[in-house]
Amino acid sequence: MNRKKGDKGFESPRPYKLTHQVVCINNINFQRKSVVGYVELTIFPTVANLNRIKLNSKQCRIYRVRVNDLEAAFIYNDPTLEVCHHESKQRNLNYFSNAYAAAVSAVDPDAGNGELCIKVPSELWKHVDELKVLKVHINFSLDQPKGGLHFVVPSMEGSMAERGAHVFSCGYQNSTRFWFPCVDSYSELCTWKLEYTVDAAMVAVSNGDLVETVYTHDMRKKTFHYMLTIPTAASNISLAIGPFEILVDPYMHEVTHFCLPQLLPLLKHTTSYLHEVFEFYEEILTCRYPYSCFKTVFIDEAYVEVAAYASMSIFSTNLLHSAMIIDETPLTRRCLAQALAQQFFGCFISRMSWSDEWVLKGISGYIYGLWMKKTFGVNEYRHWIKQELDQIVAYELKTGGVLLHPIFGGGKEKDNPASHLHFSIKHPHTLSWEYYTMFQCKAHLVMRLIENRISMEFMLQVFNKLLSLASTASSQKFQSHMWSQMLVSTSGFLKSISNVSGKDIQPLIKQWVDQSGVVKFYGSFAFNRKRNVLELEIKQDYTSPGTQKYVGPLKVTVQELDGSFNHTLQIEENSLKHDIPCHSKSRRNKKKKIPLMNGEEVDMDLSAMDADSPLLWIRIDPDMSVLRKVEFEQSDFMWQYQLRYERDVVAQEEAILALEKFPTPASRLALTDILEQEQCFYRVRMLACFCLAKIANSMVSTWTGPPAMKSLFTRMFCCKTCPNIVKTNNFMNFQSYFLQKTMPVAMALLRDVHNLCPKEVLMFILDLIKYNDNRKNKFSDNYYRAELIDALANSVTPAVSVNNEVRTLDNLNPDVRLILEEITRFLNMEKLLPSYRHTITVSCLKAIRVLQKNGHVPSDPSLFKSYAEYGHFVDVRIAALEAVVDYTKVDRSYEELQWLLTMVQNDPVPYIRHKILDMLTKNPPFTKNMESPLCNEALVDQLWKLMNSGTSHDWRLRCGAVDLYFTLFGLSRPSCLPLPELGLVLNLKEKKAVLNPTIIPESVGNNQEPVNSTNSHGQSVGFQNTFSNSQEEEEIDMDTVHDSQAFIYHHLNMLERPSTPGTNKFIGKMIGKIGWKEQSSGEMNMHPVSAAPLSVFSKESNSSKHSDHHHHHHHEHKKKKKKHKHKHKHKHKHDSKEKEKDPFTFSNSPASARSIRSPSLSD
Amino acid sequence: GSKHTTTPADNYYLARRRTLQVVVSSLLTEAGFESAEKAAVETLTEMLQSYISEIGRSAKSYCEHTARTQPTLSDIVVTLVEMGFNVETLPAYAKRSQRMVITAPPVTNQPVTPKALTAGQNKPHPPHIPGHFPEFPDPHTYIKTPTYREPVSDYQVLREKAASQRRDVERALTRFMAKTGETQSLFKDDVSTFPLIAARPFTVPYLTALLPSELEMQQMEETDSSEQDDQTDTENLPLHMSTDDSGPEKENASVLQQNTSLSGSRNGEENMIDNPYLRPVKKPKIRRKK
C-alpha cells in the first residue's frame, strides 16, 4: 500500500513521505558544548489512518513537538542505550549480539522504526485522512554530545575563534540522528533548508548552496542559510563550524576549501590537485558533478580520515601537507579522490537498503581504482588490487567470510547468513569495523570482476545510466515519488547491467555477492615429455571456514621458450588434472630471443632451467579474476625467471615471496639484479630488500662478501670518493628515495651466526644517521630519518641475560648504548624542531618499546603513558598506546589494562577510543583459551557494561568493544565466571524474544494495522490497574527471577497462546516494569523527555476496555503544557488513584516509555 | 658650564665654542656686518651649536636605525632634508666666492695617538678637505690583500666536520634543555645518562605537527626559490583572507567582509569569482513584530 508509482519496487517502510526538512540551529555554545535548535519536517501521509510518526533521534533533548502548530504528544524510547536491561548474570556474547541486533532493528528507520514516536493530534485526523501535508516541528537541544557531533575546544586563553575551537558532525553510517531528529535512513530523500547561527568570527559549512549570510540584530553573530534542492537523505547531512580560513579553488570557483587557522599555505598546496580528480571522474562518467558546489573541510580530531556528505567532505586536518612532504602526498590525494568518488555514488546516489550498500561502495571504490590507475600507473594499480585481494582473502579465511548482499529470510535468526560471526550483519550498526572495511574492499573487487566480465565500456555506461536517471529524478522538485530513482538497489543495478551489456552475470553475482567466502587453490604440475604436455593439477580447499567452491573458467598463463600462452581451464566438480599442450620443443634453440607476454623479446640465460622442459614459469589466474588465494608449486629457477622476466608487478611480487623458501645463490642474484634495475617498479624493489635479508639469514653460514645490500646501497647512495659517507640528500627521484629509505630497514634484519645483527651493519646505519645532511634538499627528510630509527630498532636482538639480572645502565650492551644515544638525541631534538606528523617521535617510541621488550631497558610503561595523553599529536598517541597495549600483554599488567579501558571511556577523541579497542583486539592481553591473571569477573563485568551501555553514543566503538569481548572470552560464557546459579538451558537464538522482549522490533505489519498494536502504547504502567493483582505479583523481583527456567517457560507458554490484545498488553506492562526498575536504579543517565504528557496513540479507541484510562493521560494536558515547556520541568499531575498505585508511573524517563515497544506476537 | 673646572673635556668644549664663535663672526662679516654685540654673537653661536648638534643626533639615529655604527653621507642628507634644509643648495654655497677660510682651531690637549707602525704611504687629502682634518687611515686597513692559500676542501673531512659539529651542537643543546627542564628516564636508577626531555602536551597539537619548522622554511627558500613560488603566502592574498585578516577580532566587522573588500581592491580580475563565501554578510532586516 505504500508502493509508489514507477519506482521499481521501492517500498517505503513508512506510512508517509518526507519531502522537505528544515534544520535550524540557532545557538551553539562552545564553552558548554551545547546546541539548541529546531527541525521542521514536511510530510505527506500515504495511508489514511496515519496516527503516529516515528523519527530517529538520539541524545537530543526534545522540548516540544508540534504538528501543524498543534501540540503533539510524543514518546522517546531508545533500546540501544542499554542493550540488555536486566542486570543479568548473562555474560555470553551470543546473547548480547542477538539482543543488540534486535535493539538496533527496533529503531531501524529502514524498518519504519525510530526512537521518537509522535502522536498526530486528534484534531488533525481528518486532515490526515485526506492525505494532506503535515508539518512536524520539533524543538530540541543537545548538551555535551558524546557522539554524532564532535566539539574540539582547545583549553587556552582567548575567544573561541582565537583558540581554533570548532565542531563537526561525524559518525559511522547513518548517524545524523545523534544531532537532530530526522528519518535517519539513506532511502528517505527530501530537500533541505539548513540554518546555522554562529559567532561572527566563525564559518558554518554545510550541505547545498550558501544562499546568504545575515547578521543577527546585535551584529555579534551571523546566520548561514543553506538550501539543498537535490533530494538527499538525512544521513548525508553534515555540518562543520569553526574559525575556518577560506580558500576558493583557483581552478573551480564553485569549490571552496576550509581549514583551521594558520594552515592556509598547507591547504593551498594540498587542494591544488583536486581539480584533476574532478576532471577525471566527470570524464569517465560522462556526467557533470551533480551538486552545484563542493566544499572540503579539514578538521582536527577527525572521526575518520575521509567522510563524504552531500556536496561536502570532511577530512582530517592531518592530511594537509606542504610541498616538502613526499610520503603523505599520494596518501592525501587518494583520500581526496575517494571522497569525490563517494560524492557521485553514496551521496548523490543513495541506497535503498543496507543490503544494497555493496553497490555504492563497489562503484565508488571501482572508479577510485580507475583514478588510481590513471594517476599512479598500472603497476601501482595492480599492486593495490593484489594488496586488497590478499587482505580480503586473509580476512575471510580468518573470520569465515564477508557477505556483500545479505538476504534475510523472515527475520529468523536461524537464517542468519553470517552465523560464523560474533555479530549480526543485518545492520550496519552491529558490524565490526574491520568487517566493514573488508566489506568495502570486497565490494570494489567484485565490481572489478564484473568489469572483467562485461568490459569497462559497458560498466561506465551502466554508471552513466544510473547517474542520468538520478539526475532526472532529482530535478523533479514537486514529484517526490520520483526521487526513489536516486536510490540504487542490487536488483536495479543488475538489471541495468543486463540491459546495457546484454550479458548474464548472474553466476558471478551468485558466487561473490550472494555468497560469502573466497577460493583457495593449490596448484602443482608435471611436464610430460613424451606427449609434450603440461599436466597441471589444481586442487581446492572448500571445507575450511571462509572458503567456497569455485566452478568455472580459470585462466592459466604458461611462459614457454617460444612465448607466453594463455589457456582457459574449466574448473569443474571432480576434475583436478588439466592437460595443457606445450608449443615449444624442449630442445633449446640457442641464441634465440624469448618472446614475452607483452610482445617484448628478451635474451635469457637458460642454463638454469631443466633441459627437458620448455617451461619457464606458470601463472594461475594472472588477472586476479577470481577472489582467491593461490599456492602454486614450481621450481626455484622458475620463480627466478618469473621475477626477472615477467613484466607484471604482481607476478614479480609473488615470485619474491616464493623465493623466500629457496635460499640459494641464484635467488640472491635474481633479487640483487631486481634491486639494481631502475626500470623495475619501486615497490617490487622494496619487497626484494626484505626477501634478500631473509635469504641472507638462511644462508648465513655460506654467505660471502659484505652484508647483503651494503655494497648496493653504497653504490647507489654514497659518495664516489668516500664510500662510507652517504651523499647529501636529494629526493628528487622518488623511486630511489623509497629505496633509500627501505634498504637500511631491511639490512637491519640481517643476522650473523650468533643470531645478532652484524656490527658492520649497525655501524653502517649509525653512519647514515651521522652523515645525514638535508640542507640542500628540496624535500623534508623526516620520513627517512624515522625509517633509520626503525632500522636501529630492527637491529636489536634479545639481551643475553645472566641470572635474570636487573637491567641497569652498567650492564648495558655497548651497541645498545649507541642506539640509545641516537634515540635520545632524536627524541629530544623533536621537542625543539618537531618533524612533520612527528614521524620521528613515533619511530623513537616504537624503538624504545623494542629495547624494553628485548630486555635491554627495563620494561616500563610510564614514558608511553605520558605520550599517550590528550594533547599530543594523534600519531604519537597511537604509537604510545600501542606500546602500552603491548606492555599490558607482555607484563600482564592489570593496572595498565584498566588505564587503557578508562581511556576508552573518557578520552575526548573518538578515534583514539576506537583505536585502543582495536589494538587490544589485535594484540590481546589474553585470549579465550588462555589462563591469565587478568581474566576475572570484574573485567568481564566492566567490558560487558562497556558494550552494553557505555558505548551507546558511538556505533563503531560499541562494535569495537564487542570485538574485544569476543577475542578475550569468545562467544559463550567467559570461563572465569562462576557457573550460573540456576542452570539455564535454553536455546537463546530461538527464544531470545522472551529473554529480552523490550527490544523486539515491531514487524512491518504493525504499520499496516496500527490500531491493533498501538493499544499498548498507552503506556504503560498505568495499565496495571486493569490487570489482576495476581499477575502483578509476578513482577516482583524480576531481576532474580528472569533467569530461571520456570520463569521463561511460563512466559513461553504465554507467548504461544494466540495473540490477543490482552496478552499483548500484559507483556507490554511487564516490560515497562522491567524497564522502570532499571531506570530507577539510576545507572543510566538519559535525557529526560519533554513534559508533554504521554497519551494514548490509538486513533480509534477500539478497545472500550481502556477507554476509562485514556482520560488519565489527557487530564490537565492542555493547561499544563505551556508551563512545562517553558520551565523545562518534567512534572506531571496525576489523579490520586494512580499516584497511590505507583508513584513513578509517569516518571518522564524514556524507560517508562519503553513499554510502547510492545512485542509483536502475531507472527 | 656653571662650575669652573679645567678637565680636558672642558677644554675641548671651550675650544669648540671658540671655533663656533669664529664661524659666526666670519659669517657675520661675510654678511656685511662690521661689528656685533657680544650677546648677539653668543645667541647666534648657541643657535648654530643646537643646529649642528641636532644634525649629529639625528644622523646618528638614522644610521643606527639601519644597524650601522658610522653615519654615512646619506644619513646626513636625510637629516638635513628632515630638518627642512634644501640640500641641493649646499654645494653651490660651499663653493661661493666670498667664503672665508677659517684657520685651524687651536689644539688644546689633543690626545696624541701613538704613532703605531705606519705601513705604506697615507693618501694625501684632496684639495677641498682642510689640512687639519684627520688623515686617511693606513692603506693596509682598507686595501684588499688576496691570499692564495689552499682552503680545506677535502670532501670527506668537510662532511665529517659538519656532521660532528652538528651532532655536538644538537647533543649539547638537548642536554642543556634536558638539564634545565623536566625529564623522563628510561632507567630508574639513572636519570642523567640518557635524559629525555619530558613530553609536554600541546593545546593545539596539530600545528607543530603539520607546519614546517622555521628551519625547514629557511631551507625551502634556500634550496629552490623558483620552484617554491607556488607556496608563498603572498600569492594567496588576493583570493582570500590572509592569516592576519582571519585573526578573530571581536569587532563587528566581519572577516568575510574584510576579505571581499581585500579581494576586490587587490586585483580586479579576481572580481569575477562569485563564491558565496566571499560575498559580504548582509545586514539584518528590521522586522516588525506584530
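In the predicted model, the C-alpha centres of domain 1 and domain 2 of chain B are 56 Å apart. Domain 1 of chain B covers residues 8–95, and domain 2 of chain B covers residues 157–226.

In chain A, helix α1 (residues 93–106) packs with helix α26 (residues 937–950). Two packed helices are described by the angle between their axes and the distance between the axes. For α1(A) and α26(A), the angle is about 10 degrees and the axes lie 12 Å apart. Because angles under 35 degrees count as roughly parallel, α1(A) is roughly parallel to α26(A). On the side of α1(A), the residues that meet the partner helix are A:L93, A:Y95 and A:F96. Their counterparts in α26(A) are A:W944, A:M947 and A:N948. Classified by residue type, this contact between α1(A) and α26(A) contains five nonpolar residues, one polar residue and no charged residues.

Helix α5 of chain A spans residues 274–284. Its buried residues are A:L274, A:H275, A:V277, A:F278, A:F280, A:Y281 and A:I284. An α-helix has 3.6 residues a turn, so residues three or four places apart point the same way. The buried residues of α5(A) pack against several elements of chain A, including strands β17 (255–259) and β18. The helices α4 (264–271), α6 (328–344), α7 (357–399) and α9 (456–474) of chain A are also among the elements against which these buried residues pack. After α5(A) comes A:T286, which has a positive phi near 35 degrees.

Strand β18 of chain A, residues 294–299, contains A:T296. With a relative accessibility of 0%, A:T296 counts as buried, because buried means under 20% relative accessible area. The side chain of A:T296 forms a polar contact of 2.8 Å with the side chain of A:H257. Apart from residues up to four places away in sequence, A:T296 touches A:T256, A:H257, A:F258, A:T271, A:L274, A:S313 and A:F315. Among these, A:L274 is also one of the buried residues of α5(A).

The side chain of A:T742 reaches the backbone oxygen of A:F738 at 2.7 Å. When neighbours within four places in sequence are left aside, A:T742 is in contact with A:M686, A:F690 and A:E787.

How values were computed
Residues numbered from 1 in each chain as written. Chains lettered and ligands numbered in written order. Predicted model: local features only at pLDDT ≥ 70, side-chain atom pairs only at ≥ 80, totals over all residues. Heavy atoms only, no water. Helix = DSSP H or I, 4+ residues; strand = E, 2+ residues; numbered from the N terminus. Buried < 20%, exposed > 50% of the residue type's maximum accessible area, 1.4 Å probe, protein only. Polar contact = N/O pair within 3.5 Å; in protein donor to acceptor, adjacent residues only side chain to side chain. Contact = heavy atoms within 4.5 Å. Axes fitted to C-alpha atoms, helices over the stretch in contact; angles between N-to-C directions. Parallel < 35°, antiparallel > 145°, perpendicular 65-115°, else oblique. Nonpolar A, V, L, I, M, F, W, Y, C, P; charged D, E, K, R; others polar. Domains from an automatic or database assignment.
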